[in-house]
Amino acid sequence: MYHYDATDKAIVQARVRQFRGQTERFLAGQLSEDDFRPLRLQNGLYIQRHAPMLRIAIPYGLLSSTQLRTLADITGRYDRGTGHFTTRQNLQLNWIELPKVPDILEQLASVEMHAIQTSGNCIRNITTDQFAGIAEDEIADPRPWAEVLRQWSTFHPEFAYLPRKFKVAISGSLDDRAAIRVHDMGLQLVKNDAGEIGFTVYAGGGLGRTPLIGQKMIDFLPWQHLLTYSEALVRVYNRYGRRDNPYKARIKILVKAIGSEEFARQVEEEWLHIKDGPNTLTAEEVARVANQFAPPAYAAYPASTSTLASIAAQHNDKAFSRWLERNVHAHKVPGYAAVTLSLKTPGAAPGDATVAQMEAAAALADEFSFGELRVTHEQNLVLADVPHKDLHAVWQRAKASGLASANIGLLADMIVCPGGDFCSLANAKSLPIAAAIHERFADLDYLFDIGDLELNISGCMNSCGHHHLGAIGILGVDKHGEEWYQITLGGAQGNAARIGEVIGRSFAAAEIPDVIERMIETYLAQRHADESFKDTVARIGLPPFREAAYRKNEPTGEPVHG
Amino acid sequence: MAKQLIKHGQLVDDRWQALALADGATDGDAAALPIPAGQVIIPAPVWLAQRDALCSRADAGDIAVSLAPTFRVEDIAQDVQRFAMIAVEFPKFIDGRGYSTARLLRERYAYRGELRAVGNIGRDQLFYLKRVGFDAFLIPPGQDAAAALQSLNDFPEVYQGAVDQPLPLFRRRTA
Ligand code: SF4
């Protein structure tokens with residue numbers, strides 16, 4: 001992973017000093033709340049329902065075990081013992097005291113971490129694929145490019161006061177696992193016929209009140225021009241994005257208003273002025289950064305010795321087999337696999353990890369995965385480089401720490417925002433809904449029978465829980481001061497990203513588990529062999545599900561999973 | 001009165017008189033605005049409306065223009081070398097359009113004269129303002145301009161090339 005040199009360190013330390021001064025001035029009454037707000041936001045600090053919330057950046061989701069241990073220490077020392085991993089691969093702490101924040105930032109800086117630009121109207125933390133560098137379908141490793149962009153966007157002097165936040169995601173594989181089409185700017189690594197690296201650039205995607213899929217700006221942007229093109233694109237947005245209404249200020253509204261072709265033309269025109277200027281990337285810089293993402297010292301295992309199936313057969317343990325099936329993923333190096341540590345264990349809030357779990361995950365990384373971890377946008381942790389021979393040991397250890405729920409990709413692997421329990425913007429709570437669904441679908445046999453299903457929950461239109469992209473999406477809405485929930489169906493992430501459709505009037509919290517169950521039963525009754533929920537919805541359409549969702553007080557017969 | 005203008009890293013007296021147009025002013029209002037003698041800052045639409053009459057005063061160094069966030073800098077591009085000073089307005093510091101305006105003035109239109117940030121700005125914006133090409137900052141009354149001056153040194157290094165340092169860090173890193 002990328003390690004700071006003396007200059008990187010000096011820059012982050014200067015930020016700690018700057019923010020310490022700003023905090024002191026605020027606490028001394030020399031800086032008004034209005035003047036302090038944008039400054040604290042650009043350091044990830046929100047004022048929440050109960051206490052300030054601090055969002056710590058985990059650039060492109062990559063963590064060393066040392067960094068995770070430091071996060072655990074901070075969580076234990078300054079919070080109440082639980083951290084929340086977000087869909088943007090960051091960590092949120094919900095019980096922070098404002099005067100302590102400079103000390104926390106200082107501790108973060110000691111392990112090359114920070115909270116820079118994790119909020120505010122600026123370029124945010126850049127996200128990517130949790131399987132970067134190990135995926136078999138990878139065109140090129142996205143992490144060096146994400147780091148190059150991180151440096152470019154860090155304290156970018158022109159773009160600290162944009163109309164609204166600006167999120168960038170980058171994918172290096174054929175299968176987009178970074179949701180690049182729902183970002184303000186999405187980058188897809190591609191190779192041209194000559195084998196040269198470049199990017200297909202998308203802009204104007206996003207969720208929120210007006211969900212839109214990003215539009216293509218340019219087919220092949222040679223890598224040398226990544227920064228100048230990005231600068232041109234953000235500049236056009238900075239100059240012409242709406243500033244009169246925060247709900248209409250994202251770049252997607254501008255792209256939609258003037259049309260993606262016209263927007264792309266303006267970007268191109270701007271770019272031609274700065275193309276080949278000093279910010280043009282050099283091969284030396286790309287090599288300097290890429291070297292730090294060189295593969296670890298893999299052992300040479302013969303390609304044929306083990307497969308996941310043979311490992312399962314060898315142990316003959318149903319629980320372990322299930323974990324192998326759901327939580328273990330292919331790796332491009334023979335004899336290795338990637339392991340997802342589930343943060344979706346029923347009884348805990350999705351994405352939450354306790355201090356002990358963070359420490360256990362860090363220890364697993366040290367012993368079995370070259371001391372590194374990744375945070376996924378589905379709010380789990382990944383050990384990317386585990387030898388096949390160690391999978392059983394990793395499973396046992398993970399199980400002991402409550403990190404081995406064999407539910408990755410299943411209905412229980414919900415993406416859920418913190419919602420009304422913590423977030424002051426929420427219309428409704430999301431965590432109790434997730435808990436009720438976990439409870440209703442506690443039977444693992446039933447979950448396996450249902451198979452792949454993305455269920456996403458957001459507590460308000462800001463859509464931090466990506467509900468639009470869930471095969472089933474749940475959105476908290478406010479009706480005359482009461483909490484209600486709207487359901488969308490048919491959303492999808494990845495290459496075929498699609499915004500789900502609202503099925504009809506919203507439901508009370510107590511109705512949700514029944515509604516979900518009736519829709520699932522409809523799927524089980526209607527599905528073709530090996531057809532996922534999402535595919536059945538696509539084939540037969542919304543009406544049967546809508547009908548099931550609103551069918552009331554009818555005996556549903558024997559429960560299928562009885 | 002305390003000095004509130006920072007120029008080239010020093011606190012100095014401000015000799016310019018700023019004129020303003022009312023909100024919703026028309027082209028006619030811009031054409032009719034009387035321009036007093038001495039060094040005056042006029043809104044860019046006033047310059048466009050009275051250009052012919054003001055050229056000789058501008059060439060004598062008495063005319064500066066101020067650019068509102070909505071004003072397209074392209075519209076005065078051909079005149080920038082005539083101005084002794086250009087003021088970019090920040091009615092609210094969270095409106096960052098003026099940062100792009102400044103870079104365009106410096107980098108695209110090669111403006112070398114005084115570029116002044118005015119309005120709702122303070123020490124927490126100065127470092128970025130300097131980086132995009134401002135060399136003068138009018139600190140609002142009531143704010144400690146001397147303390148603001150210190151913030152120009154908040155960061156020892158920068159990543160991206162901009163006006164004050166055109167070369168990005170990656171072209172300057174030593175091994
Ligand atoms: S979706 Fe709404 S409720 Fe949930 S975290 Fe985001 S802003 Fe808060």
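Biologist: Which residues do ring pairs link into a cluster with Tyr161(A)?
Modeller: In this predicted model, ring pairs join Tyr161(A) with Phe90(B), Phe93(B), Tyr99(B) and Phe134(B) in a cluster, where rings of Phe, Tyr and Trp (its six-membered ring) pair if their centres lie within 6.5 Å, and planes under 30 degrees apart count as stacked, over 60 as edge-to-face and the rest as tilted. Local features need pLDDT of at least 70 and side-chain atom pairs pLDDT 80 or more, whereas totals for chains, interfaces and linings use all residues. Side-chain values use heavy atoms, without hydrogens and water, residues are numbered from 1 along each chain as its sequence is written, and chains are lettered from A in the order in which they are written.

Biologist: How many aromatic pairs over all chains?
Modeller: The search of the whole structure gives 27, including Tyr229(A) and Trp271(A), whose ring centres are 5.3 Å apart with planes at 80 degrees, so this pair is edge-to-face.

Biologist: Is Tyr229(A) buried or exposed?
Modeller: Tyr229(A) is buried at 1% relative accessible area, and Trp271(A) is buried at 5% (buried means under 20%, exposed over 50%, partly exposed in between, with a 1.4 Å probe and protein chains only).

Biologist: Switching to charges, what does Glu33(A) form a salt bridge with?
Modeller: Its partner is Arg40(A), with the closest N and O atoms 2.7 Å apart, a salt bridge being a side-chain nitrogen of Lys or Arg within 4 Å of a carboxyl oxygen of Asp or Glu. Glu33(A) is partly exposed at 32% relative accessibility, while Arg40(A) is buried at 5%.
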